[in-house]
Amino acid sequence: MPQDFSRQNLRGRSFKGQNLAGANFSGADIRGADFTGANLIGANFSHAKAGLEKRWGIYLPIAYSYLWDY
């Protein structure tokens, strides 16, 4: 039976390597969540809030500028 994460706050949660086939993430807040290596076949992400957490918005430009200097 597929997992139901609908309308939940999942910010920053790790789903690394999990089998989430058919899972329902509709309306969930998945900002900063880690889905690395997860099976997301058939997962529903409709109306989910996605993207990086605000703190990453500070670090990424610094990291990119550092990498481009080399």
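Student: What should I know before I start?
Tutor: This is a predicted model, where local features need pLDDT of at least 70, side-chain atom pairs count only at pLDDT 80 or more, and totals for chains, interfaces and linings use all residues. Residues are numbered from 1 along each chain as its sequence is written, and side-chain values use heavy atoms, with hydrogens and water left out.

Student: OK, Ser 6. Where is it placed?
Tutor: Ser 6 sits in the segment before helix H1 (56-68). Helices are DSSP runs of H or I with at least four residues, strands are runs of E with at least two, and both are numbered from the N terminus.

Student: Is Ser 6 buried or exposed?
Tutor: Ser 6 is buried, because its relative accessible area is 12%. Buried means under 20%, exposed means over 50%, and partly exposed is in between (1.4 Å probe, protein chains only).

Student: Which side chain does its side chain make a polar contact with?
Tutor: The side chain of Asp 4, at 2.7 Å. A polar contact is a pair of N or O atoms within 3.5 Å; within protein, one must be able to donate a hydrogen and the other to accept it, and residues adjacent in sequence count only if both atoms are side-chain atoms.

Student: Switching to Lys 16. Buried or exposed?
Tutor: Lys 16 counts as exposed, because its relative accessibility is 54%.

Student: What is Lys 16 in contact with?
Tutor: Leaving aside neighbours within four places in sequence, Lys 16 is in contact with Asp 34 and Thr 36. Contact means heavy atoms within 4.5 Å. Lys 16 and Thr 36 are 20 residues apart in sequence, yet 4.9 Å apart C-alpha to C-alpha.

Student: Now rings. How many aromatic pairs are there?
Tutor: A search of the whole structure finds seven. Rings of Phe, Tyr and Trp (its six-membered ring) pair if their centres lie within 6.5 Å; planes under 30 degrees apart count as stacked, over 60 as edge-to-face and the rest as tilted.

Student: Why is the pair of Phe 25 and Phe 35 edge-to-face?
Tutor: Their planes are at 90 degrees, so the pair is edge-to-face, with centres 5.6 Å apart. Phe 25 and Phe 35 are both buried.

Student: And what about Phe 25 with Phe 45?
Tutor: That pair is stacked, with 4.8 Å centre to centre and 0 degrees between the planes. Both lie in the segment before H1, so the pair ties together parts 20 residues apart in sequence. Phe 45 is partly exposed, because its relative accessibility is 30%.

Student: Which residues do ring pairs link into a cluster?
Tutor: Phe 5, Phe 15, Phe 25, Phe 35 and Phe 45.
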